[in-house]
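The model is predicted.

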Amino acid sequence: MSLKGIFPIDKWIFRSRSIMESLSAEEMDRLLSDMVEQVYKKGQIIFRENNPAFGIYYIKQGKVKKYKQDRNGNEHIIYVANEGELIGYHPVLAGDTYPDSAAALEDSRIAFIPREVFLSAMEWAPNLSKHLLSALSYEYSVLANSLSIVAKHSVRERLAISLIVLREKYKVSEQDTNDVSINISRKDLASMTATTEENVVRILKELKDEGIVGTQGRKIIIHDVKALVQMANYQ
């Protein structure tokens, strides 16, 4: 089912997909000709925080987690990027290092766009700069919203929000009315929810007992997204 009217999912979704969609067919072909495609296995690092930003990554298939590490080496997932999205373009535009790390959440096909190629494309693709600026502005509001959730919501509410967001990432289509299966480790889900793995396991068991979710190994099947929306208590 659609979340329209019952949950503001747009507040958790970046708009980097619109950057590539702004290109004409000819412009897209020109940019694709300069991409270098690579397959990343689940868990494989794509780039690391503080490393030089030599280019941008376009997710052609799969899912990627963007995360930061604290001084103890613990991961904090700040975003899950989906097929069609760009990652790593902020530091390329700023001539800076990557502000976070990225790794494949599942086996993924990702194209690398060298920095000089992307900067050149901004000159011959007139819509690119406008959509980049719009996407950057929107991502700031998404990250600010995500940070505010940690301060204002309980662990149970945060987990509900994480499951709602992941459901949106894993569903097959906008019209998908079936149960949605999320393939994510409890460790990654805890990192995304800003809690412990033990809390995630405990609350998932409660939700399973209530019939809101089901599990198959590490997969979490969302049966009742409306119940999750009520549980999230997001105003």
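Helix H7 (residues 186-193) and helix H8 (residues 197-209) have axes that come within 8 Å and cross at roughly 100°. H7 is therefore roughly perpendicular to H8. Elsewhere, ring pairs join Phe47, Tyr57, Tyr98 and Phe112 into a cluster.

**H7 against H8**

- From H7, the contact residues are Arg186, Lys187, Leu189 and Ala190.
- From H8, they are Glu197, Val200, Val201 and Leu204.
- By class, the contact of H7 with H8 holds five nonpolar residues, three charged residues and no polar ones.

**Aromatic pairs**

- The count of aromatic pairs comes to seven.
- One of them joins phenylalanine 47 and tyrosine 57, with ring centres 5.6 Å apart.
- The planes of phenylalanine 47 and tyrosine 57 stand at 35°, so this pair is tilted. Stacked pairs need planes under 30 degrees apart, and edge-to-face pairs over 60.
- Phenylalanine 47 belongs to strand S2 (residues 45-47), and tyrosine 57 to strand S3 (residues 55-61). The two residues are ten residues apart, and their pair links distant parts of the chain.
- Phenylalanine 47 also pairs with tyrosine 98.
- Tyrosine 98 sits in the loop between helix H3 (89-94) and strand S7 (101-104). Phenylalanine 47 and tyrosine 98 are 51 residues apart, so this pair too links distant parts of the chain.

**Burial of the ring residues**

- Phenylalanine 47 has 5% relative accessibility, so it counts as buried.
- Tyrosine 57 is buried as well, at a relative accessible area of 9%.
- Tyrosine 98 counts as buried because its relative accessibility is 3%.

**Charges over rings**

- Arginine 30 places its charged end over the ring of tryptophan 124. The distance to the ring centre is 4.0 Å.
- Lysine 65 lies over the face of tyrosine 67. The distance to that ring centre is 5.4 Å.

Key. Residues are numbered from 1 along each chain as its sequence is written. This is a predicted model: local features need pLDDT of at least 70, side-chain atom pairs count only at pLDDT 80 or more; totals for chains, interfaces and linings use all residues. Side-chain values use heavy atoms; hydrogens and water are left out. Axes are lines fitted to C-alpha atoms, for helices over the stretch in contact, and angles run from 0 to 180 degrees between N-to-C directions. Helices (H or I, at least four residues) and strands (E, at least two) are DSSP runs, numbered from the N terminus. Angles under 35 degrees count as roughly parallel, over 145 as roughly antiparallel, 65 to 115 as roughly perpendicular and the rest as oblique. Contact means heavy atoms within 4.5 Å. Ala, Val, Leu, Ile, Met, Phe, Trp, Tyr, Cys and Pro count as nonpolar, Asp, Glu, Lys and Arg as charged, and the others, Gly among them, as polar. Rings of Phe, Tyr and Trp (its six-membered ring) pair if their centres lie within 6.5 Å; planes under 30 degrees apart count as stacked, over 60 as edge-to-face and the rest as tilted. Buried means under 20% relative accessible area, exposed over 50%, partly exposed in between (1.4 Å probe, protein chains only). A charge sits over a ring if NZ of Lys or CZ of Arg is within 6 Å of the ring centre and within 35 degrees of the ring normal.
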